[in-house]
Amino acid sequence: NGFAFEAANAVLKFAAQQLGVKRVVAFTSQHNENSIKLLKKLGFQDEQWLTLPNGEQVKLFAIAPRDE
């Protein structure tokens with residue numbers, strides 16, 4: 001348990017340190033509670049709702065990765 005968090009956290013750290021990424025965005029289905037919990041645990045901020053061309057609503061999250 002916790003593999004998704006550890007993997008995503010490592011990717012965010014790499015993105016900041018090695019690639020100089022200043023902002024990462026993610027979106028997930030409004031019904032995918034596990035993904036929403038993971039994004040929030042990683043420090044992503046809930047930014048807005050988006051409606052895809054097929055009518056599905058998704059939640060947009062963003063974070064400024066830390067390079068620590």
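## The nonpolar core

Let's start in the middle of things. Nine residues make up the largest nonpolar core: Phe 5, Leu 12, Ala 26, Ile 36, Leu 39, Leu 42, Phe 44, Phe 61 and Ile 63. Helix α1, helix α2 (33-42) and strand β3 (57-63) each supply at least two residues of this core, and α2 gives the most, with 3 residues. Keep in mind as you read that this is a predicted model.

In soluble globular proteins, nonpolar side chains tend to be buried together.

## The overall plan

Now step back to the whole chain. It has 2 helices and 3 strands, and from the N terminus on the elements run α-β-α-β-β. The C-alpha atoms fill a box of roughly 40 × 30 × 15 Å along the principal axes.

The chain has 68 residues, and buried ones make up 25% of them. Take the contacts between residues at least 6 apart in sequence: 54% of these join residues at least 24 apart.

## How the strands pair

Strand β3 has two partners to look at. It pairs with strand β2 (residues 45-51) in the antiparallel sense, over 6 bridges, and its pairing with β1 is also antiparallel, over 6 bridges. You can pick out individual partners on screen: Gln 45 is bridged to Ala 62 in β3, while Ser 29 stands opposite Val 58 in β3.

Strands β2 and β3 form a hairpin with 5 residues between them. In the turn sits Gly 55, with a positive phi of about 95°. How much of β3 is covered? Most of this strand is, as 6 of its 7 residues are buried.

Which residues of α2 are buried? They include Ile 36, Leu 39 and Leu 42. These three cover an arc of only 130° around the axis, so they are on the same side of α2. The cover over the buried residues of α2 includes α1, β1 and β3.

The face of α2 turned away from its buried side carries Asn 34, Lys 37 and Lys 41, which are exposed. Lys 41 has a further feature to find: its charged end sits over the ring of Phe 5, 4.7 Å from the ring centre. After α2 comes Gly 43, whose phi is positive, near 105°.

Phe 44 lies in the loop between α2 and β2. Is Phe 44 buried or exposed? Its relative accessible area is 6%, under the 20% cut-off, so Phe 44 counts as buried. Not counting residues up to four places away in sequence, Phe 44 touches Leu 12, Val 24, Val 25, Ala 26, Leu 39, Phe 61, Ala 62 and Ile 63. For a sense of distance, the C-alpha atoms of Phe 44 and Ala 7 are separated by 15 Å, and these two residues are 37 residues apart along the chain.

Leaving aside its neighbours within four places in sequence, Ile 63 is in contact with Leu 12, Lys 22, Arg 23, Val 24, Leu 42, Gly 43 and Phe 44.

Which strand holds Thr 28? Thr 28 is in strand β1 (residues 24-29). This residue is buried, because its relative accessibility of 9% is under 20%. Apart from residues up to four places away in sequence, Thr 28 touches Ser 35, Ile 36, Leu 39, Val 58, Lys 59 and Phe 61.

Phe 14 belongs to helix α1 (residues 3-17). Why does Phe 14 count as partly exposed? Its relative accessible area is 46%, which falls between the 20% limit for buried and the 50% limit for exposed, so Phe 14 is partly exposed. Phe 14 and Ser 29 are 15 residues apart in sequence, and their C-alpha atoms are 26 Å apart in space.

Key:
Residues numbered from 1 in each chain as written. Predicted model: local features only at pLDDT ≥ 70, side-chain atom pairs only at ≥ 80, totals over all residues. Heavy atoms only, no water. Helix = DSSP H or I, 4+ residues; strand = E, 2+ residues; numbered from the N terminus. Buried < 20%, exposed > 50% of the residue type's maximum accessible area, 1.4 Å probe, protein only. Core = buried A, V, L, I, M, F, W, Y, C linked by side-chain atoms within 4.5 Å. Contact = heavy atoms within 4.5 Å. Pairing = 2+ DSSP bridges. Lys NZ or Arg CZ within 6 Å of the ring centre and 35° of its normal. Arc of directions from axis to C-beta.
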